[in-house]
Each structure stands twice: as structure tokens, then as C-alpha cells.
Amino acid sequence: MNYIQPVLEFIGSLGFLLYGMKLMSDGIQKSAGEKLQRALSVVTGNRFLGLLTGMLITMIIQSSGATTVMVVTFVNAGLLSLAQSVGVIFGANIGTTITAWIVSIFGFNFKISAFAIPVVGAGYFISILKKTKYASIGEALMGFGMLFLGLSGLSSVFTPQQLGFLLNIKGTGFLAILVGFFIGILVTALLHSSSAFSAIVITMAYNGLVTWELAAAMTLGSNIGSTIDAILASVNTSADARRSALIHVFFNVFGTILALIFFHPFLRLIEILTPKGANIAIQISILHTVFKTLSTIIMLPLKNQLCALSRLMIKDDKEQISGVYKLEFIPTLGKENYATYIIRAEKAIADMTDIVSEMFDRIQIGVTKRNSDFVKNHVETASKEEDYVDQMHEQITHYLVKCEALQLSEKQISHISSMIQIVDELENMSDNCYTTIMLLGRSIDKKMKYPGEDIERMLPYIELTRQFLQFVRRNINKHIDEAKLQLASELEDGIDAFRKDLKKVARKRLEGGADVKAELLYIDIVRQIEKIGDNCFSISESLTSI
């Protein structure tokens, strides 16, 4: 019975610690996470910039697991290349050491309850103000306070008086180090948080429950256990996404094995670097930071070799069936980053816009080069493109509908509604482009003749519509302000004015005895191009809501 109370206190304190860390991480991600994730999605191939990005994001959101899950998701979506992901992963490993520093600096130098309870209270009252932008910050403050309440509970449990039976593994021999190492792997994998386990180890060491050597072994083991989130996130993803997770495992395993091989010299280095008078909590934080930093210094220059090794171990994906589009909604395991779903959908919409733009370019070719080569080289290709856009429309819409079921903010839900409307308009535009291309092909097949001046009149009309489409392409997935919407309105008005003039000229030719079928087909082409302008304006209006 003597063991029941400390075990129950441990479970309760651990719950406070884990929930506090989750609440703090979630609150920060709600308030700033989307901006951070967008910054991650456009990171360049510069390994040092990627390292800095991964480090800063992880330090802010307090979770290397969340960062690595983001990285794997972005690689799977094609937003990051395998090479770009390496630096970010390495940086995330350094950034995760910040939690150990927070715990070691604030957790044992103050009476925790003196500031933790007021922080929880203040955070709660801020969080209930749901209509303010500070509600998420309130959640983060609540999490911060609860983290330290959990730490206070653990500190009272982890004493020789309460859990003295654990002193049996306080030895410094190889077996004790090995036991501590595997405990670190197992517990971190179960908790899904190396930061939480670091807080536990620091508390145990500070209270004299484990030795410096055992605490170091546990800390090293936690680095391997922390790879669990990236591994789970990579299940059923692309080859490059799985390779990204594998490189994360490479990094942590290689650095840990190296530290174990030189275990005692490494600990002596940490002891030398630790300022005189610093407690063991600070010493463990220094170990964590130095270990991650040295591992990065050794492995960052080997980025290309790591990518090559991962490609040898994980074969390329089997080629997808040509012309088949798939956008799978894969729920993110571990800490969820809902903004990543939106960013992935935006990438798909940008790809859809590119295909529609290519279809429109074929119209310009068909008007200027009216010969059999156009029918041979462009009509059949346009048919395949139109079918592919139809598939994209179905898949992206289905994906966005599933996104709506997530616990998103009102702004994100509005964003998704606008995206669904944009996808509808892009699909309609592809239909109009395809119809126009087919009409041009028919006019060529039927050997319909048009005076040179008729073609000359249509060219500026097509060029104006092309400019409107390029305006949409440049601004897709971006918020359009009133000035840009006014520009879109002027472009549409210009297209409408052109259409009226071209139709008037065609009617005059009909009255003058021109070929009826040819002129009606000419009018149909003019009308279809005007519809493309309407699609562009509808998309522009939807972009004002993003």
C-alpha cells in the first residue's frame, strides 16, 4: 500500500505535465502556427537557412515532434524536397532542447506554485474571451502554468523517501547505463514527447533519485524514442516522405550511438562546460544541447550522402497510372497541425491553375496557327487535360470537405469555403477552354475560312483574357484587396466590350452574305472566351475572402 499513493501522485502529476505541454504547444500553434508553417513550406534549399527555420519553429511551438510531422507532411505533398527537409529536421532537434532549459531554469529556482497557479488562472480568463485574438495565447499560458504544476507534483514524488526502490538502478556500470538508455527510448516513445521525458529526468536527477550517468543515458535514449512521431506520420506516404522520416531516425540513432561509444569522455566534456555552482538540472540541459549541436555539426555536411543512402534503402514509388490524380486525406498522427492540410490543398489548387493556363495557351496557338498540326498536337492533349482537371476538381473538393470536419478557426473555415468555390470555377474554366479548342479544331477540319482582319481583331481579345488568367495565376491562394479587385473588374469590363464589338462585326458579315456556319462558330468561340473571363472574375471575388 505504501507504493499506491506515490504511483497515483505520479500519474496525476504526469497528466498535468503532458496536458500542460500539449495545451501550451496547441495555443502557440493556434496563434502563430499557420504563419510558421507557411514559412516552413517555402524554405529554400540552403541547408543553414533550413536548419535555422527548423530550430526557431521548434523553439516557438515547443515540439520537435510537431515540426517533424509538418516536414514529413510537406515532403509528401511536394511542398518540400527531400534535400530541403534535412536541414529543417536537424534544426528541430536543436530547437527541442529549449524545454529542458525552461524546466531547469524556472522549475527549481522558484517556488513553483507561487507563479504557476496565477499563470493558469490568468490564462484561463484570457482563453474564455473567444472572440479575441488573444484566446489562443491564454491557452498557451494555461499550458505553461500546468506544466510547472505537473513538475511540482513530480518533484514531490521523485524523492528517495517516496520511490526509494528505484535506487537499485543507480549504479554507474555498463548494465545500469544500458537500462537507463532503453528506459529513455521506451518511455519517450510511449509519451510521444522527448521534452516531457527530459523534464521527468531532470526532476529525478535534481531530487537525487538517479545519478548523473543514468540521467545522461536516459536523455540519450529519449532522442531515439522521439523519432516515433515522424515514423508514424510517414506511414502510407510517398517515398520521399518516408525517406525524410528515415533521415530523422539516422540523425538521432547515429548521434546517440556515437555518444554511447564515447560516453564517459562525453560526460567529462559536459562537466567541463558546466559553470561552477550549477545544479544537475542545468548540467543535463547542457548535455542535451551539446549533444544535439555536435550531432548536427557532424551530420549537416553529409546531407547529400544521407539523401543518397535513404534512396538506396527506400525505393522509388511505383509509377502512378498516367492521367490519374489522387489527393489523399491522411490524418496526421501525434500533435496535429491543421494548417498543413490547407497549405497542401493550396498547392493542389496552384497546380490546377497551371494546367488550366496551359489549356488556354492552346487557344492562342489555335487562333494564330490554323492548320492540321494544331488538331494533331493540341486537341487530343486538351481532352486529356480537361479529364485530369475534372479528377482534380473531384479529389480536391473531397479533400476540402474533409478539412471542414476538423476543429478549425472561423477564418480557416471561411478560407476553405472560398477554396471550394475557386476549384469549381477552375473546373468550369477548363470546360470552357476545352470547348473553345474543340470549336477551333472543328473550324480547321471543316476548312472554314476567315478574313485575315477577323483573326487580327480576335488576337487582342484573347491576349486581354490571357492577362486576366495570368493575374489570377499570380494571385491564386492570396488575399486580393479592393485595389486588385478593381483591376480585375476593369479587365472583365474590357473583355465584355471586346466581345460586343466582335459579335457586331460577325453579324454584319452575316448580313453581307458570309458563310452562316463559319460566322456562328466564330461567335461561339468569342462567347466561350468571354466565359473564361467571367470565371477569372469569380475567382478574383473569392480571393477577397481568403
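Me: What is the relative accessibility of I365?

Reply: I365 has 31% relative accessibility, so I365 counts as partly exposed. The model is predicted, so local features need pLDDT of at least 70 and side-chain atom pairs count only at pLDDT 80 or more, while totals for chains, interfaces and linings use all residues. Residues are numbered from 1 along each chain as its sequence is written, and side-chain values use heavy atoms, with hydrogens and water left out.

Me: Where is I365, and which residues does I365 touch, not counting residues up to four places away in sequence?

Reply: Helices are DSSP runs of H or I with at least four residues, strands are runs of E with at least two, and both are numbered from the N terminus. A contact means heavy atoms within 4.5 Å. I365 is in helix α17, and I365 touches F374 and H378 once residues up to four places away in sequence are set aside. I365 and H378 are 13 residues apart in sequence, with 8.9 Å from C-alpha to C-alpha.

Me: How many helices and strands are there in the protein?

Reply: The protein has 22 helices and 0 strands. Of its 546 residues, 53% count as buried. Among contacts with a separation of 6 or more, 83% come from residues 24 or more positions apart.

Me: What span should helix α4 have, and how far apart are its end C-alpha atoms?

Reply: The expected span of a helix is 1.5 Å times one less than its number of residues. Helix α4 (residues 82–95) has 14 residues and should span 20 Å; its end C-alpha atoms are 20 Å apart, which agrees. Since 13 of the 14 residues of α4 are buried, α4 is largely enclosed by the rest of the structure.

Me: How many salt bridges does the count come to?

Reply: A salt bridge is a side-chain nitrogen of Lys or Arg within 4 Å of a carboxyl oxygen of Asp or Glu. By this rule the count comes to 8 salt bridges. One of them joins R243 and D316, with the closest N and O atoms 2.7 Å apart. This pair links distant parts of the chain, 73 residues apart: R243 is in helix α13 (residues 239–261), and D316 is in the loop between α16 (303–313) and α17 (339–368). R243 is buried at a relative accessible area of 3%, whereas D316 is exposed at 59% relative accessibility.

Me: Which parts do the pairs D354 with R473 and E385 with R362 tie together?

Reply: D354 and R473 meet through their side chains in a salt bridge of 2.8 Å, N to O. D354 lies in helix α17 and R473 in helix α20 (residues 452–475), so this pair ties together parts that are 119 residues apart in sequence. D354 is partly exposed at 26%, and R473 is partly exposed at 32%. The side chains of E385 and R362 also form a salt bridge, 2.8 Å from N to O. Here E385 lies in helix α18 (residues 372–404) and R362 in helix α17, so the parts tied together are 23 residues apart in sequence. E385 is buried at 11% relative accessibility, and R362 is buried at 14%. Salt bridges that share partners also join D240, R243 and D316 into one network.

Me: Is N432 buried or exposed, and which side chain does its side chain join in a polar contact?

Reply: A polar contact is a pair of N or O atoms within 3.5 Å; within protein, one atom must be able to donate a hydrogen and the other to accept it, and residues adjacent in sequence count only if both atoms are side-chain atoms. N432, in helix α19 (residues 410–445), is buried at a relative accessible area of 12%. The N432 side chain has a 2.8 Å polar contact with the side chain of N535. Apart from neighbours within four places in sequence, N432 is in contact with Q528, K531, I532 and N535.

Me: Which residues is T436 in contact with, leaving aside its neighbours within four places in sequence?

Reply: T436 is in contact with I363, I525, Q528, I529 and I532, leaving aside those neighbours. T436 is found in helix α19 and is buried, with a relative accessible area of 0%. T436 and I363 are 73 residues apart in sequence, yet 6.9 Å apart from C-alpha to C-alpha.

Notes: Buried means under 20% relative accessible area, exposed over 50%, partly exposed in between (1.4 Å probe, protein chains only).
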